[in-house]
Amino acid sequence: MSEPSAAPLLSISALGQDLRFAGRMLVKSPLFTTIVVLTLAIGIGLNTAVFAAIETMLLRPLPGAKNPAELVQLYRTAPGDEKYNSSSFPHFFDVRNRTKTVFSGVAAWSFQFVNITADGPPQTVAAQMVSANYFDVVGITPLRGRFFTPDEDIG
């Protein structure tokens, strides 16, 4: 049986020496130290902000939805085509009418850029266009007022 080697102890000792040397060098050049600290702070801050945005938009369940695990998204693809193809509203109405026994509800949504204006020049903003039953399917109720009625739906 061989004896344990002293290599791990040597590397821990060398690490301590390297850290002390690095600390002395950082104290000797305060401008470089400031740049290093600011670079690390900005990098950590940006990383945190990006993760928070991704976690909020993609990883958390839909806020306010009654049963977010039961929500599914249907989309169309063409054979041999990897990207999503948008569906038309007539196709949505066809799917909704033919799958009443399969799904408890089918809703349509799409993102579009629209121009809005208030007290100045028009601004382009991202908007989500939804079918009248979208909020019912997702399970969200309004705090005040009402959502859309079936009479206000397109088609």
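Rings of Phe, Tyr and Trp (for Trp, its six-membered ring) are taken to pair if their centres lie within 6.5 Å; planes under 30 degrees apart count as stacked, over 60 as edge-to-face, and the rest as tilted. The structure holds three aromatic pairs. In one of them, the rings of Tyr-134 and Phe-135 have centres 5.2 Å apart and planes at 85°, so this pair is edge-to-face. Tyr-134 has a relative accessible area of 15% and is therefore buried (under 20% relative accessible area, with exposed over 50% and partly exposed in between, for a 1.4 Å probe and protein chains only).

The model is predicted: local features need pLDDT of at least 70 and side-chain atom pairs count only at pLDDT 80 or more, whereas totals for chains, interfaces and linings use all residues. Residues are numbered from 1 along each chain as its sequence is written, and side-chain values use heavy atoms, with hydrogens and water left out.

Phe-135 also forms a tilted aromatic pair with Phe-148, at 6.3 Å centre to centre and 35° between the planes. This pair links distant parts of the chain, 13 residues apart: Phe-135 belongs to helix α4 (residues 134–138), and Phe-148 to the segment after α4. Helices (H or I, at least four residues) and strands (E, at least two) are DSSP runs numbered from the N terminus. Phe-148 is partly exposed, because its relative accessibility is 45%. Together, Tyr-134, Phe-135, Phe-147 and Phe-148 form one aromatic cluster.

Elsewhere, Thr-99 lies in the loop between α3 (89–98) and β1 (109–116). With a relative accessible area of 16%, Thr-99 is buried. A polar atom of its side chain lies 2.6 Å from the backbone oxygen of Val-95.

How values were computed:
A polar contact is a pair of N or O atoms within 3.5 Å; within protein, one must be able to donate a hydrogen and the other to accept it, and residues adjacent in sequence count only if both atoms are side-chain atoms.
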